[in-house]
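Here is a short briefing for a first look at this structure.

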Amino acid sequence: MARIDIKRACFAIVFSVVTGTALAGQTNAPTTPVDWVNTFIGTGGEGAEYGGTMPLVTTPFGMTNWTAQTRQNRISVSSYEYHDSYIQGFIGTHQPAIWMGDFGYVTLMPEISDGVNYAPEARRLAFSHQDEISTPYYYAVTMHDQASQPVRAEITATAHAGYLRFTYPRNAKAKVLIEATRPGIEGFVRIDASRNEIVGYNPDRMDAHLGPLKLPNFKGYFVVRFKQPFTVAKVYEGALTWPDKQEVKGDNVGAFASFDTSHDTVVDAQVGTSFISIEQARANLDAEMPSWNFDALRDALKATWNQKLGVAAIEGATDDQRRIFYTGLYHALLYPRLMSEQGRYYSAFDDTVHNGTSYTAYSIWDIFRAENSLLTIFAPERINGMVQALLQDYQQGGWMPKWPNPSYTNIMIGTHADSLVAEAINKGFKGFGYRLAYEAVHKDATVPPDGDTTRRWFDREPHTPYEARAGLTYAQKLGYIPADKISESASSTQEEAYDDYAVAQVAKAVGKTDDYRFFLHRSTHYRNLFNPARGFMQARNSDGSWASPEDGWTEGDQWVYLFAALHDIPGVVNLLGGPQAASAKLDQHFNGGHNRHDNEPSHHYGYLYDYTGEPWKTQARVREIAQDAYSNTIGGILGNEDCGQMSAWYVFTAMGFYPLNPASGDYVIGSPLFTHVSLNLPNGKRFQINAANNSAQNIYIQSVTFNGKPLDVPVISYAQIEAGGTLNFVMGPKPSRWGADWHPQALH
């Protein structure tokens, strides 16, 4: 053991001297925003019920992300799990969440054994977290084979390419394995010795069984370009190598390249990726990595992250809070991911290539609540393109998607793309066609999916038509979706009432006054599920009778979905008998252990006391949730990250406000976690949040001013934030009456 430790330490010291990069445990004190990111938050847990994050090296919204592969990913399995002790490769992944699959991925792995090991279990190398560095812009790890020979791997990246640098022992039998496809997947790989490249494609998309589209043209293309000439290169298929072939097409294919390490022990590999063609992957590589300068690319990516994370400057946070905050921003700025490449994109909705900009990996059921709203503040330059991408999907596939990955997946309920469109319009974004937007949301709200009355529309039901609003045929007649006809009917009825509110906003923007009134009225149909005898929402059958209280819910129950009408919380308060009765119900909700912050339908609950005349209870609850559900640990996200939604909740709560009704453009006020937050907005304005006397004990708001004038209601708007200004809180240890006299009106 001593010999192994000495050898590892010597190699690490040499590495750090050569590169100037500090090792894990030897890092300098954080000085810039990205230094505070802990990419391991959310990477460790049991089963699939944890953060499910990965330590990704990528740009904000990068098309391809790079990470160490400690296990082969699939639906409900991420590539990296913190408790693993072996690395199988370094993967260029497009997997956006633990419970969604990957598509078009490629994996590289350095090897130093006599033979070539294709299988993950055979090629894996041991590693320790002590020999690992992980940041959003740079990853490094030292691995060891059974003979304790060290291999160092480093990664940096651009939006469409990865730069991997491998350092071997001198005179090692150095090889790099390129895995194009796995068993059961037919792919292609070719050696191009004249270019010192290995190219290929992987047609695997794990969402293929979830949606209606076959997409025969879909492929994830790659070009692996080496700086050092390879001495030998071979392709393989299954367990067979083909020494005399330069290319192979088949099941479980890949290639390996061997290198002479007698003089130079470093092997540099740049990997361009594309969904258009091998030529486009090469063009992406040429454009983004025109030279072999790993350190310059790493430094540029660090600067990119600091520019984006630096929109927010915070004071008065503990070190742990600061790490949670900036890590949350990092997670939130990963998605949706780019799907376009140099002005073109492959559409997974009509299987062809188009000109323009596109995005994918919208976990819309999750992100419509807060993640998308966060992007309107931190990355407004992306919003027009992201909405336009949804409208392009509509034009090419017939509907805006629920959860593109990269095509239709029929995952989750509702048509919450309606909310993303309405929010963009209400916040003044104009870089997309409003009339096209209304055409898309109007179809969501009025056209039932194919086979609507012949299917139950169960969750993750394979090979069904696009689900859209399942049961809309019944809802248009009955005013609700019946539980005896459609699964998850009670949740869908309420969430689609919110979607109707969003459609009404778009109708208003295009001058469709009658439609605006129609959909605004229809958005109150959630009330048809309120059972006054029980004081809860409850599913109904097609004959009007009440279904079982346990029926009809999506990842929740009657407690979780009591206040699901995000657009009409005052209406729900009235149904419950007024503010006092609603507040008592909320007390029961929290005190009875019904709040499930590990899943999105509960995310707004802490803020609901603002609507019941007791905002001090909101202030206490959101502080409690922030403390209990988040930590600077590998298990520091209570539930699945879900493309930034869990983190967006924390970032908003830390700043002191939250988009309870995101389509409205308003934010309700909670209790700021820090003494100062300065938002250096992309539009050049500055919005400052000060919280005098703030502390872990002084959680209650005593008074608020905005730009020097008293703010007496617990609401601030997007327009006020974007105009810049100063929001001043005075905090104290006891509740006050601040904000208690706000009387928001129910929809009529």
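## Briefing

In the protein chain, residues 24 or more positions apart account for 70% of the contacts with a separation of 6 or more; contact means heavy atoms within 4.5 Å. This is a predicted model: local features need pLDDT of at least 70, side-chain atom pairs count only at pLDDT 80 or more, and totals for chains, interfaces and linings use all residues. Residues are numbered from 1 along each chain as its sequence is written, and side-chain values use heavy atoms, with hydrogens and water left out.

**Overall build**

- The protein chain has 18 helices and 33 strands. Helices (H or I, at least four residues) and strands (E, at least two) are DSSP runs, numbered from the N terminus.
- A compact globule of 748 residues would have a radius of gyration near 27 Å, and the protein chain agrees, with 27 Å. The radius is taken over C-alpha atoms, and the globule rule is 2.2 Å times the number of residues to the power 0.38.
- The C-alpha trace of the protein chain spans about 80 × 60 × 45 Å along its principal axes.
- Of the 748 residues in the protein chain, 65% are buried. Buried means under 20% relative accessible area, exposed over 50%, and partly exposed in between (1.4 Å probe, protein chains only).

**Surface and charge**

- The accessible surface of the protein chain is about 25,300 Å². Carbon and sulfur atoms hold 50% of that surface. Areas come from the Shrake-Rupley method with a 1.4 Å probe; for residues, only the protein chains shown count as cover.
- The protein chain has 61 positive and 78 negative charges, and their mean positions are 2 Å apart. Lys and Arg count as positive and Asp and Glu as negative; His and the chain ends are not counted. The place of a charge is NZ of Lys, CZ of Arg, CG of Asp or CD of Glu.

**Strand E5 and its partners**

- Strand E2 (residues 86-87) runs antiparallel to strand E5 (residues 125-134), joined by two bridges. Two strands pair if DSSP finds at least two bridges between them.
- Isoleucine 87 has leucine 125 in E5 as its bridge partner.
- E5 also runs antiparallel to strand E6 (residues 139-144), with five bridges. Glutamate 132 has valine 141 in E6 as its bridge partner.

**Strand E9, covered on both faces**

- Six of the six residues of strand E9 (residues 174-179) are buried.
- On one side these are Ala174, Val176 and Ile178; on the other, Lys175, Leu177 and Glu179.
- E9 pairs in the antiparallel sense with strand E4 (residues 106-111) over five bridges. Lysine 175 in E9 stands opposite glutamate 111.
- E9 also pairs in the antiparallel sense with strand E16 (residues 253-259), over six bridges. Here the bridge partner of lysine 175 is serine 258.

**Two open sheets**

- Six strands form an open sheet with mixed pairing, in the order E18-E28-E29-E33-E30-E31. Its edge strands are E18 (312-315) and E31 (709-710), and each pairs on one side only.
- E18 and strand E28 (residues 676-680) run antiparallel, with four bridges. Glutamate 315 has histidine 676 in E28 as its bridge partner.
- Another open sheet has three strands in the order E26-E27-E32, with antiparallel pairing. E26 (657-658) and E32 (715-717) each have a single partner strand, so one side of each is left without a neighbour in the sheet.
- Two bridges join E26 to strand E27 (residues 666-669). Tyrosine 658 has valine 668 in E27 as its bridge partner.

**A buried helix**

- Helix H7 (residues 371-378) is largely enclosed by the rest of the structure, because eight of its eight residues are buried. Among them are Leu374, Leu375, Ile377 and Phe378.

**Backbone details**

- The peptide bond from tyrosine 335 to proline 336 is cis, with omega near -5°. Proline 336 lies in the loop between helix H5 (319-332) and strand E19 (337-338).
- Asparagine 405 and proline 406 are also joined by a cis peptide bond, with omega about -5°. Proline 406 sits in the loop between helix H8 (380-397) and helix H9 (417-426).
- Asparagine 252 is not a glycine, yet has a positive phi of about 55°. Asparagine 252 is buried, with a relative accessible area of 13%.
- Alanine 361 has a positive phi near 65°. Alanine 361 is buried, with a relative accessible area of 1%.
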